[in-house]
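Please open the model in a viewer and keep the selection tool at hand.

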Amino acid sequence: MSEKSPELEDDTGTYESGLPGFLGTIDVFISKVEAIMLAVGVILMAINTCVNVIARFVFGEGLFFSGEINRILIILITFAGIGYAARHGRHIRMSAVYDAIPTKGRKVLMIFIALFTSVVMFFLCYYSYGYVETLYGRGRILPALGFEIWWIYIWVPIGFAITGIQYLLTAIKNFTSKDVYLSTGVVDGYADTESEV
């Protein structure tokens, strides 16, 4: 990059909620829990995979439980990550029509999108809870680790619930502010990140 290139905004530091009072406290607390879950999950998956590869090459046989641990961690990272992505306004958006609408229309549309997405997330949370309940009733266990399989999927309804809460908070943020927000802390817009070659 050249010396004249604009600096990219780094949102990986301390998260500050754009919501006032108790809602802001909830938002910050959930963001810290998600960040810890994601960081620990990715680190544990990397360690597990590296140890398994080393064991396979050194001892000629990998760890028999490595695949199950990675499966658990992938589910954890995926469903903790959807709330994290919503909080930082990082979900994929199809915005051709949205960008053509004036600011007031975008605000109304963003409130509708956030509320609708929140309802969908809570709907998926309800049905995923039913799925976990079904797995609990069946009593299946993981063959290598030996604990009940429903423990793996407990993160699915939790992830959907956190994402639903995040979209609900985004709708509230758009109701209470004059700007259009993609999430409680991300204002709608595009950063100019072009640099000279």
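Select α2 and α6 to begin: the two helices are roughly parallel to each other (angles under 35 degrees count as such). Helix α2 covers residues 66-87 and helix α6 residues 155-176; their axes come within 8 Å and cross at roughly 0°. Helices are DSSP runs (H or I, at least four residues), numbered from the N terminus. Axes are lines fitted to C-alpha atoms over the stretch in contact, with angles from 0 to 180 degrees between N-to-C directions.

This is a predicted model, in which local features need pLDDT of at least 70 and side-chain atom pairs pLDDT 80 or more, while totals for chains, interfaces and linings use all residues. Residues are numbered from 1 along each chain as its sequence is written, and side-chain values use heavy atoms, without hydrogens and water.

Next, display the contact (heavy atoms within 4.5 Å). On α2, select Ile75, Leu76, Phe79, Ile82, Gly83, Ala86 and Arg87; on α6, select Trp155, Val156, Gly159, Phe160, Ile162, Thr163, Gln166 and Tyr167.

Now turn to the largest cavity, which holds about 40 Å³ of space. A cavity is a set of points on a 1 Å grid where a 1.4 Å probe fits but cannot get out, and lining residues have an atom within 4 Å of a point. The volume is the space filled by probe spheres set on points joined across faces, edges and corners. Select its lining: Glu34, Met37, Leu76, Phe79, Ala80, Trp155, Ile158, Gly159 and Ile162. Helices α1 (21-59), α2 and α6 each supply at least two lining residues, and α6 gives the most, with four.

Terms used
Parallel < 35°, antiparallel > 145°, perpendicular 65-115°, else oblique. 1 Å grid on protein atoms, 1.4 Å probe; cavity = no way out; pocket = protein on both sides within 12 Å on 5 of 7 lines; lining within 4 Å.
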